[in-house]
Protein chains: 2
Amino acid sequence: MFRPLSADELAFVSSFRKGELHAERGDTILMEGSRNPHLYTVLSGWAFRYKLLPDGRRQVVNFAMPGDLVGLQGTLLGEMQHSVEALSAMTLCVFERQELMELYRAHPDLGYDVTWIASREECILDENLLAVGRRTARERLAYLIGAIAERGADTGVFDRERLEIPITQQLLADALGLSLVHTNKTARRLAADGLLRWSERGCHILDLDALQAIAKWRAGPNTRRPFI
Amino acid sequence: MFRPLSADELAFVSSFRKGELHAERGDTILMEGSRNPHLYTVLSGWAFRYKLLPDGRRQVVNFAMPGDLVGLQGTLLGEMQHSVEALSAMTLCVFERQELMELYRAHPDLGYDVTWIASREECILDENLLAVGRRTARERLAYLIGAIAERGADTGVFDRERLEIPITQQLLADALGLSLVHTNKTARRLAADGLLRWSERGCHILDLDALQAIAKWRAGPNTRRPFI
DNA sequence: CGCTTACTTGAGTCTGGTCAAACGGGGTGG
DNA sequence: CCACCCCGTTTGACCAGACTCAAGTAAGCG
């Protein structure tokens, strides 16, 4: 699914990487307001990106899965404008901020790929904004669960055959701009309709197509994507 | 305010550009689902980016002002996932899609700048998502008007001394995930509090600081930005 | 002068929020 | 081994912010 790298590119990326970071569920990888000198690529596991209001209201802005870059904004714009927290055990590939420019110079194609990844993130954010701004609670939940499942299955975080998503309802609520209570009631209703089930480990999807139909959302074409 | 280009870069960008596009208020510059072979930089005027649900619900996702790229997603991902419409008379600089890769190869620094711009857009989207998901109607309106004013003043679209923003309440509503009626009532209340005034041409800001305080939002540091 | 576009306002409704309490499983320390 | 606690889920009652419907105003324009 990922674009294959040339030997040359591979060698450069290898020299570029500064090590691996392992994180556990709940670990904060990046903190809003900090100036972390690193940039990461997710290798395995997943995380969520969020912002806080001074009084504690939280908005989950997106999720990060294998192939996604974490901390690019901080690298380019200075200070982090959001935080990132692991949702599972995960491994990340660590790069140095300063060397990003080096990558652009040495391998323009890889630079292009970085932009590609940023652009895709932007596209997902647009979609999230549409959901939070204009969909009903039921549609939102169907959308988010459907979209997470799709991305997770593509990147190998979840098993496509047996879609089980370990996530709390609080997190779904914060990603959808809903209250926990209302999220629960809505989720319960989707379960009653036979579209999903809640187990101890999270949400088990029974009918992905029906969810996406409710959300009026289709996954984009699954084109080959770059990986750095 | 923009990063100065070297003579070399300037020459390349000049050869890269394919002409200028002039648009009038209301013109559609890009259409969701289309495959436009062009990429644009806004030179003057402003526009908005939006997405539609099949039943017509509309979400304005962001605004585009001088220095912003329009159509980058389409260039990298294929088909446009959103539409763009002019909010004023505007001029755009036209580039060919295919040549973007050429730019990366010939001038890595400019490639880096493209990523920088995409990253900033992402940052604004995060902020919008936070607003739509977690702020009250009053906070949202204060945020959006404050943020538009800030960006508009920075890029010379509006006069910083006499902040007058020609925008309809319907558009504000669609950007904030609110109904037109509720937006109007909220706007009216802000006006009653002496923070702004509605004239025939749009919204006239009287107290930008107070608006930003209500929104619990501060404009980021106004760093030098790239321009392509 | 009629048409259109945008803004206003009021009345009534409803989706989704808040508050409060209880449940259930897993871990842990006595 | 059990009591307790913590975390996440669940439910009910009540409230309110925001939506819909409807109608009216005001300005700009052909």
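The same surface serves both of them, as 100% of the contact residues of chain A recur in chain B.

Some housekeeping before you click on. This is a predicted model, in which local features need pLDDT of at least 70 and side-chain atom pairs count only at pLDDT 80 or more, while totals for chains, interfaces and linings use all residues. Residues are numbered from 1 along each chain as its sequence is written, and chains are lettered from A and ligands numbered from 1 in the order in which they are written.

**Stop 1: between the chains.** Select the contact, which takes 37 residues from chain A and 37 residues from chain B (contact means C-beta atoms, placed from the backbone, within 7 Å). On the chain A side, colour strand S5 (58-64) and helices H2 (72-77), H3 (99-106) and H4 (108-134), each of which supplies at least two residues. Helices (H or I, at least four residues) and strands (E, at least two) are DSSP runs numbered from the N terminus. H4(A) gives the most to this side, with 20 residues.

**Stop 2: the core.** Now pick A:Leu144, A:Ile145, B:Leu144 and B:Ile145, the residues with the most contacts inside the largest nonpolar core, which has 134 residues. Such a core is a set of buried Ala, Val, Leu, Ile, Met, Phe, Trp, Tyr and Cys residues joined through C-beta atoms within 7 Å; buried means 20 or more other C-beta atoms within 10 Å of the residue's own. Leaving aside neighbours within four places in sequence, A:Leu144 touches A:Ala131, A:Leu172, A:Ala175 and A:Leu176.

**Stop 3: DNA strand D.** Show the 17 residues around DNA strand D; A:Gln169, B:Ala137, B:Ser179, B:Val181 and B:His182 come nearest (near means a C-beta atom, placed from the backbone, within 6 Å). H7(A) gives the most, with six residues.

**Stop 4: a sheet.** Finish on the open four-stranded sheet of chain A, ordered S1-S8-S3-S6 with antiparallel pairing (strands pair if DSSP finds at least two bridges between them). S1 (17-23) and S6 (69-70) are its edge strands. Six bridges join S3 (38-44) to S8 (90-96) in chain A; to see one, select A:His38 and its partner A:Glu96.

Methods:
Contact = placed C-beta atoms within 7 Å. Buried ≥ 20, exposed ≤ 12 C-beta atoms within 10 Å, placed from the backbone.
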